[in-house]
Amino acid sequence: MNPRVVLSFKLAVLAGLVLFPAIGSSFYVELVAKILVMSIFAMSLALLVGFTGLVSLGHAAYFGIAAYTVALIAPEYEAANLWFVLAASVLAAGAAAFFIGLFVLRTKGIYFIMVTLAFAQMAYYIFHDTALGRSSDGIYLNVKPDASLFGWMPFNLDEPLHLYYFILAAMVAVFVLLAFVLRSPFGRVLAGIHSNEHRMKSLGYATQRYKLAAFTLAGALAGVAGFLYAVLFGFVTPDYLSWHQSGNVLLMVILGGLGSLAGAVAGAFAFIGLQEMFSDWTKHWQLLMGLVIVAAVLFMPSGLAGLPRRIFRTVNWGEDDE
Amino acid sequence: MSEAMLVADRLTRHFGGLTANLEVCITLERGKLHALLGPNGAGKSTCINMLSGDLPPSAGRILLEGQDVTGLDSAARSHRGIGRSYQRTNIFPQFTVLENCRLAAQSRRPRPWRIFTDAMKTRDTVERAQAAIVEAGLGGRELRKAGLLSHGEQRQLEIAMVLATDARVLLLDEPLAGMGSEESAQMVELLRKLKQNRAILLVEHDMDAVFAVADTITVMVEGSVLESGPPEQIRNSEDVQAAYLGEDEHG
């Protein structure tokens, strides 16, 4: 596909997201904000699963750790400073990913899936069952953080619209950051590890360090998502770290198409959009969701990201593949 | 004037009760090509795997220019100047020829923190890759996908990738495997050029090629060195003939 067509499509989607609050009701604005947060979460996992070949089934741990960090350090009845709690949450998630990565990256394949899940379950039970998590029901974040910067207040997160645009800006920033990372020398090493890690080692790459860096970065970006989620909904629960959450974000990445950032975003939109739609129709929505996932894997092996190319090819209209 | 680059000193490797290599000694010299011959199961692959760092030895030492590198893994040995190609083609099939070699060159100029730099536009890695591609005889194929190259070209690419890491010691595991006679002849020509300022270990089954290009030949049988010496000596050795032709003829 022509890169210019792809870029115009992405810009059109972005314009749609910028203009959306003008037409959407507050319910839908909040829903789209939630999807944007989950897009960040899905992109962070895509860095591991789609680009490095590390299938983590415990990615919700870093999302939840960041969410709990803001809930725990914010004062109960006053606003915390946004930039401080954002940095603290992202650092906490990144540090957790670094330390857990030191252990889990010693394993490969199915064992990697199992130990990432095991560590995430441990994190879940820390917040569910110990005094640190305060209560298994979760914690309220009563006051939204205050965005002031040296006395200047660029925006106010108590305003739903400001919050929406703050989240949209964060999503775009993460997208652009990851797009840069992926084409950088570091990103090319990750692609090489994905393709043939053994050969990367024999070419002289300490692949373990690169994987640890990717795992830490992915954890920190999942932390950005977890932080925004806590701020958006004003409370955190241990469910944020549950293996359902890890499974859902993995499904978003697979649904969107492995190896594509835009795919991860599309996967988040499709997954949450369908979830909302099906749960309106029936309380057995998970059954329908399961069918959609099976159909998607069968009929769209390259996910939503591969769809435009397939459509172009069937109408025999776009450019050649290679 | 010969100069020892890589020395294998009594390398031994056990797999459980099986001794795959027993006190193997090999010396690779700059400007020389050293061929490793032997029937299947003689332990050639075990030996090259120990030299490259893919497999730790059970006993013995490996010296690179006098320094002990036995404890280093393959990535660290690559940085010391040991490069290896594989018997079964081991490339990045989805990447272009250029990107295969550029990644190899990038391992010497990693820049992991320059995340806003476009890797494909780091001129030094691209130039190093291009030079290696030309040296290995793949000039003009830079933008082909590696997986779509012919078998012989993929073998050349294996070598180009090693060259792009600036390796001074080349460990080549059956680079002629599966090649036609014309491709083989080209590869022999390439080996002759490559050995001029490097030390090469060649594991190979193609006798004609080995005798055409080797300066020293070591023959292994059942994990041990049977005989080592210049090609004429090996050609006329009764022990070697016995090992290859079967023992029944000599009783």
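Modeller: Chain A averages a pLDDT of 92, and 97% of its residues score at least 70, pLDDT being the predictor's confidence in each residue on a scale from 0 to 100. In residues 317-322 of chain A the pLDDT is below 50, and this stretch has six contacts in the model beyond near neighbours in sequence; two residues are in contact if their C-beta atoms, placed from the backbone, lie within 7 Å. This is a predicted model, in which local features need a pLDDT of at least 70 and side-chain atom pairs count only at pLDDT 80 or more, while totals for chains, interfaces and linings use all residues. Residues are numbered from 1 along each chain as its sequence is written, and chains are lettered from A and ligands numbered from 1 in the order in which they are written.

Chain B, the part you ask about, averages a pLDDT of 91, with 96% of its residues scoring at least 70. Within chain B, confidence is highest in helix α3(B), at 96, and lowest in helix α9 (residues 238-245), at a mean of 80; helices (H or I, at least four residues) and strands (E, at least two) are DSSP runs numbered from the N terminus. Over residues 247-251 of chain B the pLDDT is below 50, and beyond near neighbours in sequence this stretch has two contacts in the model. Where pLDDT is low, the predicted coordinates should not be read in detail. For the model, the scores are ipTM 0.88 and pTM 0.91.

One of the sheets in chain B is an open sheet of four strands in the order β2-β1-β4-β5, with antiparallel pairing; two strands pair if DSSP finds at least two bridges between them. Because β2 (18-29) and β5 (67-68) of chain B stand at the edges with a single partner strand each, one side of each is left without a neighbour in the sheet. β1(B) and β4(B) pair in the antiparallel sense over five bridges, and B:Ala8 stands opposite B:Ile62 in β4(B). Strand β4 (residues 59-64) of chain B pairs in turn with β5(B), in the antiparallel sense over two bridges, and B:Leu64 has B:Gln67 in β5(B) as its bridge partner. These two strands, β4(B) and β5(B), form a hairpin with two residues between them, and B:Glu65 in the turn has a positive phi of about 45°. Helix α1 (residues 44-52) of chain B lies across β1 (4-15), β2 and β4 of chain B, running at about 120° to β1(B); axes are lines fitted to C-alpha atoms, for helices over the stretch in contact, and angles run from 0 to 180 degrees between N-to-C directions.

Another open sheet in chain B has six strands in the order β6-β7-β8-β3-β9-β10, and its pairing is mixed. Its edge strands are β6 (82-85) and β10 (224-229) of chain B, each pairing on one side only, and the twist averages 15° from one strand to the next. Strands β7 (residues 169-173) and β8 (residues 199-203) of chain B pair in the parallel sense over five bridges, with B:Leu201 in β8(B) as the bridge partner of B:Leu171. Helix α5 (residues 151-164) of chain B lies across β6 and β7 of chain B, running at about 170° to β6(B).

The domain assignment, whose bounds come from an automatic or database source, divides chain B into domain 1 (1-81 + 169-251) and domain 2 (88-167).

Finally, the contact between the chains takes 26 residues from chain B and 18 residues from chain A. On the chain B side, α2 (74-80) and α3 (97-106) of chain B are the elements that give two or more residues, and the largest share, four residues, comes from α2(B). By class, this side of chain B has 11 nonpolar, 11 polar and four charged residues, where Ala, Val, Leu, Ile, Met, Phe, Trp, Tyr, Cys and Pro count as nonpolar, Asp, Glu, Lys and Arg as charged, and the others, Gly among them, as polar.
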